Amino acid sequence: MHDSGLLTQAFVFLLSAVVAVPLAKRAGLGSVLGYLCAGAVIGPFGFAFVGQNVDGVMAFAEFGVVLMLFLIGLELDPSVLWRMRVSVLGLGGLQVVITSLLILAAGLALGLAWQESLALGMILSMSSTAIVLQSMSEKSQLKTAAGQSAFSVLLFQDMAVIPMLAILPLLAMDGSLVEATAHSGLSGWKKTLLVLVVVAGIVVVGRLLSRWLFRIIAETRLRETFTATALVLVVGIALLMEQVGLSPALGTFVAGVVLANSEYRHELESEIEPFKGLLLAVFFISVGASIDFALLAAKPLLIISLVLALMGGKMLVLAILGRVFGLHGQSNAIFTFALAQGGEFAFVLFTFATNNSILPPSLVEPLVLVVALSMVMTPLLMTANERWILPRLSGNKARREHDVIDSGDSRAIVVGFGRFGQIIGRLLRMNGFNITVLEHDATQVDTVRRFGHQVFFGDAGRLDLLESAGISQAELIVIAIDEHSRALQIVSLVRRHYPQIRILARARARRQAAELLRAGADHVERETFRSALALGREALCALGYRAYLARRAAEIFRHRDELNVYELRDVLDDETAFFNRARQHAEDLEKLMQEDMQLDTESREKSWGRD
Amino acid sequence: MVKDLQEVTVRDLYEEYPDFFIDVACEQELVRHHDIIIFMFPFYWYSAPSLLKEWQDRVLDYGFAFGINHQSRKPGDTNRTDLSGKTLWVVTTAGGPANAFSEKGIHRHPLEHFLLPYAQIANLCGMRWQPPHIIYHVRQLTQNYLHQKAEGFRQNLLTLLREVDHA
């Protein structure tokens, strides 16, 4: 099948993903493992549906990682990034240095030359950005302390690739600095200068030109053009970074951060997201396909012990550093288990090292396999951690990973016990109602439980958990989580299986509110609407309105606006899925403001309360 | 007790508007579609509970309930409003016995006297004033007593409905 056409290849990749991912998800193992297994099955060492050109596919698909870092950059305000500096430089830096040194020592002990050992140390100290971030975001762990720390480490590793690429040629065994770098003509300081100029260029262009450029493109009202522009931007930056010898992922990450405050941020996100998703999937599949089962069968003991040693060593370093940098218990366990694999940079660096005769192929081949296997192990380890290790760390046994819920008699279930759900829960309990709370953030559960609330850990998206929470007897379920897609999923799940129950849901904004209503929620409240209205009412008072009149004006506004949400529910259709949210928000707002201008809050001259 | 009657719309204001924000347009539309407006309330401090007063303040607006109505004004018909010709009927319950509402009782006046503002509302809005239906001594609160009184009200309402129908 080596000469199978592009379409056949694409078909095989996609089909394998379509089959494997739902299976892995159902088993609770996350999509990444599904992709990896799909790759192993279709790869040259499995059924050989795809040929030996997997490396080529992988090199292309690595671009998915670049897109992912761009998207992560978009989510990160520069100020947020600045706040992370200690953990990036401290935690990330120490992780790379200590892990490298540990592997260096192991190499020396095994009788390798110091140059080889150092090269191995640097290469293997990397973790897989793609696997870690994808897995953590699927588990909604990215925003937790563990997720932030893991991200800091990955970010530092991305930066560390630059000096590594500079140091590696110096370690060449034969001493000849052949094709050391593509731009060996430049001396060290010139290169540094070039790097600074390029990064500054990205920042300046991003700040000053992007807004102007995107406005022109957006005004064409051609969606494809906007998509193309977004891709040109990211691909262009990646190419530029490669030219000056920087990591493309790092470059696009910087570009993302620069654009994080731009009003086109959401549009960029929604344009790039599908490409990222697809490319990452292809990337994971090609990693799976590259697993050399022949080699594994030939030397199983060696390979397996190397995998264990690599992951064990990394976990040791991570666990100690995590503790030093303030991660405790569950957070530290999540952090440690997430980052214990070898990274995709290892593939690149191994090739680089072999080509520059730094490392002999006989050493590299088994290690490439070890890295790939460590990637496969990661989703398994993360799941094992959740099932068996986290429950023990929580202090109270028998009660973690979907707690056994005993209070079958509560009339209300509250899903999500963050800032929003807490208020609802406290109000209900103050009025003597027994409630059942479901919360999927383990640390949150413990805190809240310490204050005597009945809070249970678990994913409310699972019907079996809802059932054990007593949904069949409950009269009411309050969905108070902030993640819209999950809320939507829970609402439709509950509505499908329990048509009688009353569903109250928290919504982000009007469109999400309309979507939740359409999915079957009986009542929605937008999370910031009422508080904004209250502040607006204060503003009216400050401008001289009598307090009651201001209240009345705010109520009239609320009433009209809520009617509007119901109207929106009725006109929602499939455009939601295709057109992009940011543009819709802008259009909604424009329509609303026009209506506001036409209608007065109340025909004033005939109102009693006026004077 | 009267909810089952097809021609009656029961508007439980405290259930409808717990935040005291009355949807004026909606209420006015309802009023337009009915011939008899009944204010039914417990008698608090010689008047209606605050939300019903708020309803009056908001819904019985200039141009709708009194003054010139631009919609229905015809030549020579200067004082017509949306309420003209409708019937206003107050149905109220008092905790104390009937004799407490007399010159010698603690309230010093018959209950009907305190309803003077309502009679004048009817007058200003061009409505027909139906003598109030008053149930005293609900503090007694036996089921039997209440049923009996409710049945009395229901019969009075049915009579009134027939009258309005014939008119």
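**The sheet of chain B and its surroundings**

Mentor: Strand S1 of chain B and strand S2 of chain B, which covers residues 87-93, pair in the parallel sense over 7 bridges. Keep in mind throughout that the model is predicted. Within this pairing, B:Ile38 stands opposite B:Trp89, a residue of S2 of chain B.

Now the whole sheet. Chain B has an open sheet of 3 strands in the order S1-S2-S3, and the pairing is parallel. Strand S1 (36-42) and strand S3 (128-135) of chain B stand at the edges. Each of these two has a single partner strand, so one side of each is left without a neighbour in the sheet.

Helix H5 of chain B, residues 116-124, lies across S1, S2 and S3 of chain B and runs at about 165° to S2 of chain B. Helix H6 of chain B, residues 143-166, packs on the sheet and touches S1, S2 and S3 of chain B. The direction of H6 of chain B makes about 170° with that of S3 of chain B.

Next, the sheet in chain A. An open sheet of 6 strands is found there, in the order S3-S2-S1-S4-S5-S6, with parallel pairing. Its edge strands are S3 (455-457) and S6 (523-526) of chain A, and each pairs on one side only. From one strand to the next, the twist averages 20°. A:Leu504 stands opposite A:His523 of S6 in chain A.

A:Arg510 forms one with A:Asp561, with the closest N and O atoms 2.7 Å apart. A:Arg510 lies in helix H23 of chain A (residues 510-519) and A:Asp561 in helix H25 of chain A (residues 547-571), so the pair ties together parts that are 51 residues apart in sequence. Over all chains, a search of the whole structure finds 18 salt bridges.

That leaves the contact between the chains. Chain A contributes 11 residues and chain B 13 residues. About 1100 Å² is buried between chain A and chain B, and carbon and sulfur atoms give 43% of that area. Between chain A and chain B, 0 salt bridges are counted, along with 5 residue pairs in polar contact. On the side of chain A that touches chain B, the residues divide into 6 charged, 3 nonpolar and 2 polar.

Notes
Residues numbered from 1 in each chain as written. Chains lettered and ligands numbered in written order. Predicted model: local features only at pLDDT ≥ 70, side-chain atom pairs only at ≥ 80, totals over all residues. Heavy atoms only, no water. Contact = heavy atoms within 4.5 Å. Buried area = accessible area lost by both parts, 1.4 Å probe. Salt bridge = Lys/Arg side-chain N within 4 Å of Asp/Glu carboxyl O. Polar contact = N/O pair within 3.5 Å; in protein donor to acceptor, adjacent residues only side chain to side chain. Nonpolar A, V, L, I, M, F, W, Y, C, P; charged D, E, K, R; others polar. Pairing = 2+ DSSP bridges. Helix = DSSP H or I, 4+ residues; strand = E, 2+ residues; numbered from the N terminus. Axes fitted to C-alpha atoms, helices over the stretch in contact; angles between N-to-C directions.
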